Amino acid sequence: MNYDQIFEAAIDRLHAEGRYRVFIDILRNKGAYPNARCFHGHNGPKPITVWCSNDYLAMGQHPKVISAMEEALHNVGAGSGGTRNIGGNTHYHIELEQELAGLHGKDSALLFTSGYVSNDATLSTLARILPGCIIFSDELNHASMIAGIRNSGCEKRVFRHNDVEHLEELLAAEDPNVPKLIAFESVYSMDGDVAPIHAICDLADKYNALTYLDEVHAVGMYGAHGGGISERDEAASRLTIIEGTLGKAFGVMGGYIAADQKIIDVIRSYAPGFIFTTSLSPVLVAGALASVRHLKQSSEEREGQQAAAATLKRLFSEAGLPVMDTTTHIVPLMVGDPVKAKRISDMLLAEYGVYVQPINFPTVPRGTERLRFTPGPSHDEAMMRDLTTALVEIWDRLELRKAA
Ligand SMILES: Cc1ncc(COP(=O)(O)O)c(C=O)c1O
């Protein structure tokens, strides 16, 4: 058995398809986001503008967040020192869980080390606890939800993206006495579209199903207090479980679920991904707590982000660039080819100091490769005009308009 040959062949396949991933080496400049330094392909650092970060509201740079983290570090030290059950249940964790439960109007919340882990641990545990459970999953659900569903070992039915008629067909075909769970997202991060939450909850009521909503790309950014699309659409009370991340709009790291006390108690007690791992560092929890609290009472960042996204979409569209139609803060430009997407991204970085990562399969379906821009409150109009000019030049140089 030639192990090396097998590993090499696996990597060669990615190169051949043009989707071998190159991680760009950067350092963000504290307090000056979206400015950063890039160490990639240079002798020294080169200034760049970041356009693809999921620190959507620049909360990772917010003075309240940074000082809360500094204070926690100095007060209690670096790590939590254990699992939640054995020494790692700090007062910071308890306070943040209370804050998150309040944010979503639920009894309780539970922290995990990431959004990925919260989806995997919760979905796999829930479906194992419910005898014969069938999970109904949107076809564009994130890899972490798919992993949780797989790990549960339960039956699954995949419904066409945001298609409530198809979902109803699948629900109606099953035994009414079998436990059912509908798993979906609010904002889909690669297409920037939004789920019909009320219509899905109507079906859940009709077919007696539980609901699980991933609000990872919406918490902090939608709703009067940053409770996500479920807050904006006044649907939170209809959902069984709301899941979110602390690593995107809240700018730090970690994940969570919010639900009734009984469900939280079950997940807390049965989910290996929660039980058998060191809890989040109190430093991270303190930063997330400051961020959640700030965004509960401040809409300035949300408004700035929406204004920036609208401006960038307008500039792209006026310049004839293939901007995808979205109703959210996500601004994707369709390229439709992995090699070209990577080429454009490389040119932007090397020649224009613009950092946007190409998005390839399996994150998006083959043939829909794209550049995904996430403008936020710190991207000003001059930056957006420079970006648009750079893209138009590249589109012309690569003759992409003709190809389209
Ligand atoms: C829809 C969705 N859910 C969950 C996650 C995982 O969240 P985290 O980055 O906190 O692990 C992601 C991450 O990109 C995501 O896009």
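# Loops, backbone geometry and ligand contacts

Q: In which loop is threonine 278 found?
A: This is a predicted model with residues numbered from 1 along each chain as its sequence is written. Local features need pLDDT of at least 70 and side-chain atom pairs pLDDT 80 or more, whereas totals for chains, interfaces and linings use all residues; side-chain values use heavy atoms, without hydrogens or water. Helices (H or I, at least four residues) and strands (E, at least two) are DSSP runs numbered from the N terminus. On that numbering, threonine 278 is found in the loop between helix 10 (272-275) and helix 11 (282-297).

Q: How far apart in space are threonine 278 and asparagine 89, C-alpha to C-alpha?
A: Threonine 278 counts as partly exposed because its relative accessibility is 46%, where partly exposed lies between buried (under 20%) and exposed (over 50%), with a 1.4 Å probe and protein chains only. In sequence, threonine 278 and asparagine 89 are 189 residues apart. In space, their C-alpha to C-alpha distance is 9.7 Å.

Q: Is histidine 91 buried or exposed?
A: Histidine 91 lies in helix 3, and this residue and isoleucine 66 are 25 residues apart in sequence and 19 Å apart in space, C-alpha to C-alpha. The relative accessibility of histidine 91 is 58%, so the residue counts as exposed.

Q: With the side chain of which residue does the side chain of serine 80 make a polar contact?
A: Serine 80 lies in the loop between helix 2 (63-76) and helix 3 (91-103), where its relative accessibility of 11% makes it count as buried. Its side chain reaches the backbone oxygen of glycine 82 at 3.1 Å. A polar contact is a pair of N or O atoms within 3.5 Å; within protein, one must be able to donate a hydrogen and the other to accept it, and residues adjacent in sequence count only if both atoms are side-chain atoms. At 2.8 Å, the side chain of serine 80 makes such a contact with the side chain of serine 279.

Q: Which residue has its backbone nitrogen 2.9 Å from a polar atom of the side chain of threonine 240?
A: Threonine 240 occupies the loop between helix 8 (229-232) and strand 9 (241-245). With a relative accessibility of 18%, threonine 240 counts as buried. A polar atom of its side chain lies 2.9 Å from the backbone nitrogen of threonine 211.

Q: What is the relative accessibility of proline 196?
A: Proline 196 is placed in the loop between strand 7 (180-185) and helix 7 (197-206). Proline 196 and glutamate 215 are 19 residues apart in sequence, and their C-alpha to C-alpha separation in space is 13 Å. Proline 196 counts as partly exposed, because its relative accessibility is 27%.

Q: What is omega for the cis peptide bond that joins tyrosine 33 and proline 34?
A: Proline 34 lies in the loop between strand 1 (26-28) and strand 2 (35-38). The peptide bond that joins tyrosine 33 to this proline is cis, with omega about 10°.

Q: To which residue does the cis peptide bond from phenylalanine 361 lead?
A: The bond from phenylalanine 361 has omega near 5°.

Q: What is the relative accessible area of alanine 58?
A: Alanine 58 has a positive phi of about 60° although it is not a glycine. The loop between strand 3 (46-50) and helix 2 holds alanine 58. Alanine 58 is buried because its relative accessible area is 11%.

Q: Is asparagine 162 buried or exposed?
A: Asparagine 162, which is not a glycine, has a positive phi of about 60°. Its place is in the loop between strand 6 (155-159) and helix 6 (164-172). The relative accessible area of asparagine 162 is 18%, so this residue is buried.

Q: Which helix gives the most to the shell around the ligand?
A: The ligand is surrounded by 13 residues (near means a heavy atom within 4 Å). The closest are Gly115, Tyr116, Asp214, His217 and Thr245. With three residues, the helix that gives the most to this shell is helix 4 (115-129).

Q: How much of the accessible area that the ligand has on its own does the protein cover?
A: An oxygen atom of the ligand is 2.9 Å from a polar backbone atom of tyrosine 116. A ligand oxygen also lies 2.9 Å from an N or O atom in the side chain of lysine 248, and for the side chain of histidine 217 the corresponding distance is 2.6 Å. Of the ligand's 390 Å² of accessible area (Shrake-Rupley method, 1.4 Å probe), the protein covers 82%.
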